Amino acid sequence: MPLGLVEFEWQIWGHYHAMIMERISRIGLIINGKTVLIAALAVISTWVSLQVGAVADFPLTIISTAVIFPIVFSIGHAYKRRENALDDYGTIKAHGRAMYFAARDWLPDGDEAARRARLDAIEACLIHLLSSCRAMFKGERDCVATAEREVYASFSELSVFVKMLREDGLPSGECSRCNQYLSKMIVAFESVKHIYQYRTPRTLRAFSDFFIVLLPLLYGPYFAYLAVEYEAPSMTYVMPALFAIILAGLDNIQTHLEDPFDQIGPDDVAINAEKFVELLGCGEVGETSEDARELLAKLEGCPTT
């Protein structure tokens with residue numbers, strides 16, 4: 001077999017192996033110690049019910065009313081909060097990039113040193129803003145107030161930067177547009193902050209947590225009834241364990257979606273300030289790809305080098 005083909009097959013195997021391991025790790029986020037504990041309680045309750053002869057045909061509507069509906073309701077709202085946070089995060093980045101372009105392209109060409117100083121200043125403001133947001137949403141609760149002040153300080157720096165653009169000769173109409181960009185960034189941050197601070201009502205969470213533990217215990221007689229009714233000794237403890245795994249798994253999903261910034265689950269919102277600032281210069285002369293250089297050359301009527 002050719003050496004190149006062997007290397008290609010090993011690359012494919014490595015890709016599938018990494019994908020399988022990632023899937024397994026995600027399953028571990030759903031089936032954890034809490035799931036095993038609740039499943040064990042359900043199995044023990046069923047065993048005790050069989051030993052004492054306590055069998056009963058309970059209605060299953062209690063499960064959907066007490067646990068399934070509240071958890072599914074909470075998952076839906078937690079997912080909406082995550083999507084809203086992503087939209088607002090995108091708004092902050094998009095308008096920050098627009099302010100960078102304004103500093104780069106809206107002023108007449110002049111002193112290159114002054115232009116570079118403006119770009120360095122806006123990059124410093126934006127990385128300060130996003131780093132402070134990351135520290136606020138991902139850090140410890142005790143540090144939230146300090147990080148929040150840093151976020152507002154970075155917005156103040158951006159406001160001063162717009163004033164500096166006006167002093168450098170940017171027309172008042174364009175300065176007003178930059179202030180609108182800044183205003184929309186502040187609105188988006190306030191929205192994300194409220195998503196971070198106000199989550200699923202604590203009473204609803206307490207209600208679900210209580211019945212997730214209680215119902216597998218109370219439904220022991222029901223699972224004992226099923227074992228006697230269907231005369232399937234080998235399947236006696238499968239249903240209570242599966243019942244508990246489903247309830248605890250849904251609760252774990254809701255828990256991971258509860259805070260979209262904690263970086264514990266695979267679906268969390270990651271704020272990468274360094275990458276954002278690194279990509280701000282994409283499109284500048286000297287930093288574009290070959291295709292972009294060719295397009296710029298055609299637009300400017302000069303040959304490529």
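1. The largest cavity in this predicted model has a volume of about 70 Å³. On a 1 Å grid over the protein atoms alone, a cavity is a set of points where a 1.4 Å probe fits but cannot get out. Grid points are joined across faces, edges and corners, and the volume is the space filled by probe spheres set on the points. The structure holds one cavity of 30 Å³ or more.

2. Which residues line the largest cavity? They are A85, Y89, I92, L130, C133, F137, V192, F261 and I271, where a lining residue has an atom within 4 Å of a point. Two elements, α3 (61-105) and α4 (112-138), each give two or more residues to this lining. The lining divides into nine nonpolar residues, no polar and no charged; Ala, Val, Leu, Ile, Met, Phe, Trp, Tyr, Cys and Pro count as nonpolar, Asp, Glu, Lys and Arg as charged, and the others, Gly among them, as polar.

3. On provenance: residues are numbered from 1 along each chain as its sequence is written, and side-chain values use heavy atoms, with hydrogens and water left out. Since the model is predicted, local features need pLDDT of at least 70 and side-chain atom pairs count only at pLDDT 80 or more, while totals for chains, interfaces and linings use all residues.

4. The mean pLDDT (the predictor's confidence in each residue, from 0 to 100) is 82 for the protein, and 87% of the residues reach 70 or more. Confidence is highest in helix α6 (residues 172-197), at 93, and lowest in helix α11 (residues 290-300), at a mean of 50. Where pLDDT is low, the predicted coordinates should not be read in detail.

5. The protein has 11 helices and zero strands. Helices (H or I, at least four residues) and strands (E, at least two) are DSSP runs, numbered from the N terminus. Of the 305 residues, 35% are buried, meaning under 20% relative accessible area; exposed is over 50%, and partly exposed lies in between (1.4 Å probe, protein chains only).

6. Helix α9 (residues 238-258) has 21 residues and should span 30 Å; its end C-alpha atoms are 30 Å apart, which agrees. The expected span is 1.5 Å times one less than the number of residues. Buried residues of α9 include P240, F243, L247, D251 and E258. I246, also in α9, is partly exposed at 44% relative accessible area. I246 and I30 are 216 residues apart in sequence and 9.5 Å apart in space, C-alpha to C-alpha.

7. S74 sits in helix α3 and is buried, with a relative accessible area of 4%.

8. The disulfide count is zero, a disulfide being a pair of cysteine sulfur atoms within 2.5 Å. C125 is buried at 8% relative accessible area, whereas C143 is partly exposed at 43%.

Methods:
1 Å grid on protein atoms, 1.4 Å probe; cavity = no way out; pocket = protein on both sides within 12 Å on 5 of 7 lines; lining within 4 Å.
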